[in-house]
Amino acid sequence: MNEIMYKNAELFVGNTAVREIAQSHRTPFWVYSKAEILANIAVWSQEVNKKNLVCFALKANDNKNIVNLMGGEGLGADVVSAGELFLALKAGIAPDKIVFAGVGKQDFEIEYALRQKIRAFNVESEQELQVIQDIAERMNVPAPIHIRVNPDIDAKSHPYITTGMAKNKFGIETGRAIDLFKYAKSLSNISLKGIHVHIGSQLLDMSPFEDCSKALRELYFTLKNLGIEIDTIDLGGGLGVDYRQVIDWPPDETGESFQAPSVEDYTSAILKHLIDLPLQFVFEPGRSMIANTAILVVSVIYTKKTSEKKFIIVNGGMNDLIRPSLYQAYHRILPLKNPVRETRETVDVVGPICETTDFLAKDRLLPKVERGELLAIFSSGAYGYSLSSNYNGRGRLAEILVDGSKYKVIRRAETYEDFLKLYE
Ligand code: LLP
């Protein structure tokens with residue numbers, strides 16, 4: 001299914017022409033397809049059979065209405081702060097479907113999560129384990145945990161989103177973790193449930209997942225031989241998506257194409273050496289659940305030529321979508337109307353922010369566009385809004401959800417009055 005597509009050279013989300021939304025809402029804004037979100041949830045739920053659990057990684061998209069939609073379909077949440085935990089609960093996610101990761105959990109966050117009776121903490125260090133024990137003892141409650149191991153596997157992704165190597169701050173090296181599992185077992189208020197792992201994001205090669213699966217099997221048996229029984233392995237997230245062939249037509253300008261791995265490819269790789277074990281598996285997809293369900297719509301403010309470059313200056317910038325600036329990430333960009341034109345030119349698509357790193361695309365071959373035109377930045381549903389900021393005095397953008405031929409604002413745009421509220 002593809003709900004985001006051109007019909008008669010006009011971009012539609014569901015049965016709604018995106019230009020129609022722009023007639024009553026000021027650009028830039030995000031547009032999501034409800035049908036695409038539901039389709040992704042269905043694919044994940046089908047691959048991950050009933051005894052296992054999918055916990056959506058809220059960091060990819062924390063819109064309360066979207067998280068609520070996921071909760072309604074039986075998904076849980078992976079959170080990394082008390083703020084995300086608060087949001088997940090407000091969105092109606094049951095506490096026993098919430099896992100809490102992150103290397104820097106603060107005491108008040110641990111207390112809050114214990115009070116809410118979450119499913120498990122994904123513990124990332126020796127000190128953190130001790131702090132959780134001490135707080136749980138003081139509160140006289142059990143603290144369910146998974147220990148996050150760092151298997152030292154190269155995810156072969158962008159170095160900024162690789163998390164499972166010994167040089168990364170995440171988890172505990174697998175060898176050193178054994179002692180911690182033993183110690184955890186001895187603690188009065190710690191209820192050791194399992195192992196957690198997350199080796200990185202935007203993985204397109206499935207072999208690191210297979211390696212990880214193998215390492216987890218070995219660890220499982222090492223623990224078993226030591227008399228340490230666990231019932232869960234939380235496998236984290238990381239499945240990559242295709243940022244190029246995001247729509248059936250027109251083909252991507254770069255001509256680069258590859259077969260992006262499916263959820264099935266991913267689950268068979270990560271479960272390859274684990275599937276026969278008597279365990280419950282937790283999955284924490286972020287990007288693969290939500291990236292390709294949304295576009296960011298921007299307007300061309302000016303076009304500008306220098307002796308070296310042509311710039312397309314749009315009204316969305318790095319404060320709205322920081323992925324190109326931060327990871328040199330590729331997002332397809334096309335005009336909402338007539339995406340195939342006789343004249344094409346190589347341009348930089350840049351925002352209004354006063355930073356040289358403020359770009360959405362560099363040296364990109366695009367149809368020639370004019371001032372006032374509307375452009376879609378594709379695949380921006382993951383790490384789009386959630387990584388956006390108020391930099392340069394800009395309010396965060398509205399998020400709009402299309403359901404067939406209807407659409408509604410599911411988070412309004414911030415106004416300048418909203419800025420003042422913080423001083424009250
Ligand atoms: N679980 C944990 C513990 C994580 O740290 C992450 C992502 C996920 C799950 C979800 O991973 P996913 O399925 O989305 O790959 N801002 C970057 C991505 C950072 C990912 C951080 N951790 C980007 O825009 O590419």
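1. Contact between the two domains involves 20 residues of domain 1 and 16 residues of domain 2. This is a predicted model, and the assignment behind that count divides the chain into domain 1, which is made up of the segments 4–14, 16–29 and 292–423, and domain 2, which covers 102–283. Taken over C-alpha atoms, the centres of domain 1 and domain 2 are separated by 34 Å.

2. The ligand is placed in the second largest pocket, where 19 residues surround the ligand, the closest being Ser-201, Glu-284, Arg-323, Tyr-327 and Tyr-383. Both domains take part in this shell, since at least three of its residues come from domain 1 and at least three from domain 2.

3. Sorted by class, the residues of the shell around the ligand are 6 nonpolar, 7 polar and 6 charged.

4. In the case of Arg-323, a side-chain N or O atom is 2.6 Å from an oxygen atom of the ligand. With Gly-286, by contrast, a backbone N or O atom is involved, at 2.9 Å from an oxygen atom of the ligand, and Arg-287 likewise places a backbone N or O atom 2.8 Å from a ligand oxygen atom.

Key: Residues are numbered from 1 along each chain as its sequence is written. This is a predicted model: local features need pLDDT of at least 70, side-chain atom pairs count only at pLDDT 80 or more; totals for chains, interfaces and linings use all residues. Side-chain values use heavy atoms; hydrogens and water are left out. A residue is near a molecule or strand if one of its heavy atoms lies within 4 Å of it. A polar contact is a pair of N or O atoms within 3.5 Å; within protein, one must be able to donate a hydrogen and the other to accept it, and residues adjacent in sequence count only if both atoms are side-chain atoms. On a 1 Å grid over the protein atoms alone, a cavity is a set of points where a 1.4 Å probe fits but cannot get out, and a pocket is an open set with protein on both sides within 12 Å along at least five of seven lines; lining residues have an atom within 4 Å of a point. A molecule sits in a cavity or pocket if more than half of its atoms lie within 2 Å of its grid points. Ala, Val, Leu, Ile, Met, Phe, Trp, Tyr, Cys and Pro count as nonpolar, Asp, Glu, Lys and Arg as charged, and the others, Gly among them, as polar. Domain bounds come from an automatic or database domain assignment. Contact means heavy atoms within 4.5 Å.
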